[in-house]
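This report concerns a single predicted protein model. Please examine the sequence and the structure shown here before reading on.

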Amino acid sequence: MAKLAGKEGYRKLYCGRCETEWRYRRLGCPYCKDENASQASFITMEDSKQYRIYLCERCKSYLKTIDERVCGEVDLFCEDLATVELDQLAQAEGYRRGDRRQQV
């Protein structure tokens, strides 16, 4: 999972296994490392504008993201559990939750 934080909306990734957060470049896929903007897109929820699902066409993975500039500071562990419908939406479109172990 990821969040857009600070006034600038910088992207921070989050590991649900060890609960570590780290800053990552705003564009690009953290799973396959593709930086080609034409291979990436995102879906927003009309009724929940703080949520985005970033999609990578190259590796067919997705990354759930919450924009803290819209909703304020959040706990990403709780947000990950509360947004199962976003997982279902992305998976229904043929994407899988990103995990570098799957791609080795």
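The sections below treat the basis of the values, the strands, the cores, a pocket and selected residues.

## Basis of the values

The model is predicted: local features require a pLDDT of at least 70, side-chain atom pairs count only at pLDDT 80 or more, and totals for chains, interfaces and linings use all residues. Residues are numbered from 1 along each chain as its sequence is written, and side-chain values use heavy atoms, with hydrogens and water left out.

## Strand pairing

Helices (H or I, at least four residues) and strands (E, at least two) are DSSP runs numbered from the N terminus. Two strands are said to pair if DSSP finds at least two bridges between them. Strand S1 (residues 2-5) and strand S2 (residues 10-14) pair in the antiparallel sense over four bridges, and Ala-2 has Leu-13 in S2 as its bridge partner. These two strands form a hairpin with four residues between them, and Gly-6 in the turn has a positive phi of about 75 degrees. S2 is in turn joined by four bridges to strand S3 (residues 21-24), again in an antiparallel arrangement. Here Arg-11 has Tyr-24 in S3 as its bridge partner. The hairpin of S2 and S3 has six residues between the strands, and Glu-19 takes a positive phi near 60 degrees.

Strand S5 pairs with two strands. With S4, the pairing is antiparallel over six bridges, and Ile-43 stands opposite Ile-53 in S5. A hairpin of two residues joins S4 to S5. With S6, the pairing is antiparallel over five bridges, and Leu-55 stands opposite Tyr-62 in S6. The hairpin of S5 and S6 has four residues between the strands, with Lys-60 at a positive phi near 60 degrees.

## Nonpolar cores

A nonpolar core is a set of buried Ala, Val, Leu, Ile, Met, Phe, Trp, Tyr and Cys residues joined through side-chain atoms within 4.5 Å. Buried means under 20% relative accessible area, exposed over 50%, and partly exposed in between (1.4 Å probe, protein chains only). The largest core has 13 residues, of which Ile-53, Tyr-62 and Leu-76 touch the most other members. Strand S5 (48-56), strand S6 (61-67) and helix H3 (84-92) each supply at least two residues of this core. S5 gives the most, with three residues.

S5 is mostly covered, with seven of its nine residues buried. Contact means heavy atoms within 4.5 Å. Not counting residues up to four places away in sequence, Ile-53 touches Ser-41, Phe-42, Ile-43, Tyr-62, Leu-63, Leu-86, Leu-89 and Ala-90. A second, separate core of 11 residues includes Leu-4, Leu-13, Cys-29 and Tyr-54.

## The second largest pocket

A pocket is an open set of points on a 1 Å grid over the protein atoms alone, where a 1.4 Å probe fits, with protein on both sides within 12 Å along at least five of seven lines; lining residues have an atom within 4 Å of a point. The second largest pocket holds about 250 Å³ of space, where the volume is that filled by probe spheres set on grid points joined across faces, edges and corners.

Its lining has 20 residues, of which Gly-28, Ala-40, Ser-41, Tyr-54 and Leu-55 lie nearest the centre. Strand S4 (40-45), S5 and S6 each supply at least two residues of the lining. The largest share, four residues, comes from S5. By class, the lining has 12 nonpolar, four polar and four charged residues. In this scheme Ala, Val, Leu, Ile, Met, Phe, Trp, Tyr, Cys and Pro count as nonpolar, Asp, Glu, Lys and Arg as charged, and the others, Gly among them, as polar.

## Selected polar and charged residues

Asp-67 lies in strand S6 and is buried, with a relative accessible area of 5%. Leaving out residues up to four places away in sequence, Asp-67 touches Leu-4, Gln-50 and Arg-52. Glu-68 is found in helix H1 (residues 68-71). Glu-68 counts as buried because its relative accessibility is 13%. Beyond its neighbours within four places in sequence, Glu-68 is in contact with Lys-3, Leu-4, Ala-5, Glu-73 and Val-74.

Asn-36 is found in the loop between S3 and S4. At 38% relative accessibility, Asn-36 counts as partly exposed. Asn-36 and Glu-8 are 28 residues apart in sequence and 21 Å apart in space, C-alpha to C-alpha.
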